[in-house]
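Please look over the model below before turning to the numbered points. They move from the whole chain to a few local features.

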Amino acid sequence: MRDIVQWLKDNDELKIIDEALDVELEIPHIAYIEVKKENSKPILFTNPINKSKNISYDIPVLMNIFASKALTKKIFGTHPDIIASKIEHLLKFKPPKGFINKIKMLPQLFALRNVPPKRLNKRGVCQEIIIPKDKVDLDKLPILKTWEQDGGAFITMGQVYTQSLDGELQNLGMYRLQQYDKNHLGMHWQIHKDSSTFFDQYKKANKKMPVTIAIGGDPLYIWCGQAPMPIGMFELMLYGFVRGKNAKIVKSITNDIYIPHDVDIVIEGFVDPSILKIEGPFGDHTGYYTLKEPYPVLEVETITMKKNPVYQATVVGKPPLEDKYMGWGTERIFLPLLKTTAPDLIDYSMPENGVFHNLILAKMKTHYKGHAQQFMHAFWGVGQMSFVKHAIFVGEDAPALENWEAITRHILNRIEPSKILITRGIVDALDHSSNESLVGGKLGIDATDKPILNGVESLLNDKELLSKLKVLEPQIVALKQYFTDTSNPICVVSVTKIDSMMKLKLDSLAPHIKILVIVDEKNNDLDNPYMLIWRVVNNIDATRDIRLTPFIVIDGTNKNELDGFYREWPDDTLCTKEVLDSLQKRKLIDIDDEFIRKFGLLEF
């Protein structure tokens with residue numbers, strides 16, 4: 001994996017584009033579209049340029065490295081479930097009895113020698129070229145601007161290496177990094193992250209914080225950076241466990257932080273804890289822009305790199321994207337660790353259109369009343385699982401969690417208001433729907449019981465039901481029902497909103513409705529359930545936007561003062577039409593109106 005481009009070529013997993021393309025919008029738009037297609041591949045852009053700055057780069061851009069499940073398995077070297085089984089075996093490890101059993105255990109014990117990173121007493125290939133501080137120029141790197149409303153160019157696949165003030169703890173995280181000028185970057189480490197904890201230590205001590213950012217190398221490095229490792233465990237230990245060999249690391253040139261010897265580009269610097277600067281906006285993996293906020297600033301001391309480096313980047317926005325496959329690997333590998341907190345957990349799935357922290361499905365063994373509710377609280381108290389907003393639990397008789405239609409039908413036949421838990425807790429810093437930052441509503445659904453018998457009293461077709469709804473509420477403009485053969489059909493309506501949806505007076509229609517989901521007419525296609533789920537789980541705060549009587553009402557509209565919401569509501573990420581038209585004309589992309597609408601690429 002030392003030469004990732006050659007490895008991809010050898011595995012017939014690389015698409016190469018030699019045409020000159022702009023790092024602002026053009027390259028990201030192509031990558032964004034490619035990974036949404038079946039059988040997508042990584043793309044190497046060999047001739048990146050920046051039209052606005054009149055720059056031609058001599059460093060190619062590699063995107064969509066995790067382009068499919070098949071390629072992700074190749075990167076791991078095996079199926080993630082096999083890695084998970086090894087972790088599970090270690091968690092159940094008991095000292096062997098008897099000489100023969102101890103001998104049999106030796107290979108496994110020797111294999112653990114490969115877990116800790118190995119420090120090299122020499123420079124790495126990532127330090128073949130060293131650029132001193134007076135010649136540092138971030139404009140020499142093909143840093144991308146992905147979305148039109150982005151606050152600037154962002155490094156999107158940076159491995160951010162930090163350490164505690166005493167040097168005892170090391171961390172590898174994956175955070176976006178905004179380029180401010182030739183030698184300053186915005187550090188978007190959120191308050192719940194280890195790097196932010198380290199930052200607080202340096203701030204209290206009034207000392208500058210060393211940071212080293214690596215780009216490129218083995219793609220498993222960046223996957224480890226987003227893995228939910230326990231606090232205090234260096235993520236490169238996970239690399240050693242998965243690869244079966246130590247990560248070889250070398251000391252940075254200007255600080256004491258160690259980084260992999262074979263990455264392509266290294267940016268070293270220091271963060272002054274007394275300086276904060278506005279960072280953003282940025283079109284993030286939620287499919288919405290995160291807003292402008294103050295974050296720490298890195299002053300770059302030096303840049304080192306390989307000879308002939310490759311710049312790795314990712315594009316985030318509306319699903320599906322390559323984080324779908326990175327998240328799938330994380331989900332499978334960390335199942336055994338989650339079971340240590342919830343031992344009756346059988347399996348779980350975090351659908352990509354729930355952008356992972358917004359929706360989780362879990363299958364469990366139930367032994368007593370309230371067991372599922374107990375699991376809900378356990379999930380909301382475990383590491384990054386604490387950010388999950390909506391959790392649905394099913395019993396061991398449920399279909400496979402990734403059989404979307406079957407599992408949805410199974411859940412709908414078991415939903416009843418008495419088995420719904422609404423509470424509050426911490427939410428991801430990227431969440432935009434709660435009335436206040438970092439704290440918001442959470443929803444838990446217990447669908448582990450037997451099917452319920454009481455369905456809709458009088459089922460109407462879409463045309464009849466829409467007619468009745470419009471008489472009561474003229475805001476409603478369109479309607480579509482899903483799963484009408486279940487005990488809880490889903491009725492989705494779109495509205496031209498003029499008041500809070502919680503004020504809708506529809507009680508008289510209780511005989512015809514079990515679950516009512518409301519979305520804005522603008523930019524929502526009622527025939528596209530994939531994107532409707534994405535929209536709704538992004539847009540709701542359970543404590544504000546769900547009503548359980550006389551039927552379940554879920555308000556997935558954009559919020560404003562009418563809803564008691566006084567924060568700024570962000571836009572969702574949209575492609576730039578002129579860029580799409582230009583790429584289409586040059587035959588660099590091939591999409592039609594159906595594709596554009598299916599994935600919400602443009603406003604409609």
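What share of contacts in the protein between residues at least 6 apart in sequence join residues at least 24 apart?

1. Range of contacts. The share is 72%, where contact means heavy atoms within 4.5 Å.

2. Basis of the values. This is a predicted model, in which local features need pLDDT of at least 70 and side-chain atom pairs count only at pLDDT 80 or more, whereas totals for chains, interfaces and linings use all residues. Residues are numbered from 1 along each chain as its sequence is written, and side-chain values use heavy atoms, with hydrogens and water left out.

3. Overall dimensions. For 604 residues a compact globule would have a radius of gyration near 25 Å, and the protein agrees with this because its own value is 25 Å; the radius is taken over C-alpha atoms, and the globule rule is 2.2 Å times the number of residues to the power 0.38. The C-alpha trace spans about 75 × 70 × 50 Å along its principal axes.

4. Burial. Of the 604 residues in the protein, 58% are buried, that is, under 20% relative accessible area with a 1.4 Å probe and protein chains only, while exposed means over 50% and partly exposed lies in between.

5. The protein has 17 helices and 31 strands, which are DSSP runs numbered from the N terminus, with at least four residues (H or I) for a helix and at least two (E) for a strand. Three strands form an open sheet with mixed pairing, in the order S2-S4-S5, where two strands pair if DSSP finds at least two bridges between them. Strand S2 (21–22) and strand S5 (55–56) stand at the edges with a single partner strand each, so one side of each is left without a neighbour in the sheet. S2 runs parallel to strand S4 (residues 48–50) and is joined to S4 by two bridges; Pro-48 in S4 is the bridge partner of Leu-21.

6. Helix H12. Within helix H12 (residues 404–412), the residues Ile-407, His-410, Ile-411 and Leu-412 are buried. The buried residues of H12 pack against several strands, among them S23 (360–364), S24 (390–394) and S26 (439–447).

7. Ala-153. This residue lies in the loop between strand S8 (129–131) and strand S9 (154–155), and Ala-153 counts as buried because its relative accessibility is 17%. Neighbours within four places in sequence aside, Ala-153 is in contact with Ile-143, Leu-144, Lys-145, Leu-177, Gln-178 and Gln-179. Lys-463, by contrast, is 310 residues from Ala-153 in sequence and 48 Å away in space, C-alpha to C-alpha.
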